[in-house]
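Trainee: I would like to go through this model step by step. Please show me the sequence and the structure before we start.

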Amino acid sequence: MSFNVLIVDDSRSMRGVIKKIITISGFKMDQCFDAGNGKEALEALVGNWVDVIISDINMPVMNGFELLGMLKEDNLLKEIPVIVITTESSEKRMQNAFDLGAKGFIKKPFLPEEVKKILYKVIGVGDEGEYGEDNGDDEDFDF
């Protein structure tokens, strides 16, 4: 199974680095979209489905906190897990991100293995990127 990712960072080179790190990590990525700020991220989400968003906090136009707030207000978009990736280390700022709906946190600089582990964790899949096996616990439905 492969996943669509949206990378949101005001630095084009950092978006490239994050994409490269995700690829090196072995994370099973299908499509990778990118945006330079939260407003561009919301525009990208209009025509594209993503399984996870990786977003910086400090960006012009619409920062990561504002993006989290906008996602939280949308019934469909609020279900997309967001990982905050930043140089910030303030506990208060990170708690604010989690209060707004962030599901994970990666501190720059980061290692490929760390990125892969957090991506799979917030998406809710195992170490190899697969959902758990169906144990047949669901009720039978007649159609």
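**The sheet and its surroundings**

Mentor: An open sheet of five strands runs in the order β2-β1-β3-β4-β5, with parallel pairing. Strands pair here if DSSP finds at least two bridges between them, and helices (H or I, at least four residues) and strands (E, at least two) are DSSP runs, numbered from the N terminus. This is a predicted model, in which local features need pLDDT of at least 70 and side-chain atom pairs count only at pLDDT 80 or more, while totals for chains, interfaces and linings use all residues. Residues are numbered from 1 along each chain as its sequence is written, and side-chain values use heavy atoms, with hydrogens and water left out.

Trainee: How many bridges pair β3 with β4?

Mentor: Strands of a sheet pair through backbone hydrogen bonds, either parallel or antiparallel. Strand β3 covers residues 52–55 and strand β4 residues 82–86. Ile53 stands opposite Val82 of β4. The sense is parallel, and the number of bridges is three.

Trainee: Which residues of β4 are buried on each of its two faces?

Mentor: In a regular strand the side chains alternate between the two faces of the sheet. Buried means under 20% relative accessible area, exposed over 50%, and partly exposed in between (1.4 Å probe, protein chains only). Five of the five residues of β4 are buried. On one side they are Val82, Val84 and Thr86, and on the other Ile83 and Ile85.

Trainee: What angle does the direction of α2 make with that of β1?

Mentor: Helix α2 (residues 38–47) packs on the sheet and touches β1 (3–8), β2 and β3, where contact means heavy atoms within 4.5 Å. Axes are lines fitted to C-alpha atoms, for helices over the stretch in contact, and angles run from 0 to 180 degrees between N-to-C directions. The angle between α2 and β1 is about 155°.

Trainee: At what angle do α2 and α3 pack?

Mentor: Two packed helices are described by the angle between their axes and the distance between the axes. The axes of α2 and α3 are 9 Å apart, and the angle is about 35°. Gly38, Ala41, Leu42 and Leu45 of α2 make the contact with Leu67, Met70 and Leu71 of α3.  These residues divide into six nonpolar, one polar and no charged (Ala, Val, Leu, Ile, Met, Phe, Trp, Tyr, Cys and Pro count as nonpolar, Asp, Glu, Lys and Arg as charged, and the others, Gly among them, as polar).

Trainee: Why are α1 and α5 described as roughly perpendicular?

Mentor: Angles under 35 degrees count as roughly parallel, over 145 as roughly antiparallel, 65 to 115 as roughly perpendicular and the rest as oblique. The axes of α1 and α5 are 8 Å apart. The two helices are therefore roughly perpendicular, as their angle is about 85°.

Trainee: Which salt bridge links Asp9 to another residue?

Mentor: A salt bridge is a side-chain nitrogen of Lys or Arg within 4 Å of a carboxyl oxygen of Asp or Glu, and the structure holds three of them. Asp9 and its partner are 99 residues apart, Asp9 in the loop between β1 and α1 (12–25) and the partner in the loop between β5 and α5. Both residues are buried. At 3.2 Å, N to O, the partner of Asp9 is Lys108.

Trainee: Where does the salt bridge between Glu43 and Lys39 lie?

Mentor: The two side chains meet at 3.2 Å, N to O. Glu43 and Lys39 are four residues apart, about one turn of the helix, and both lie in helix α2.
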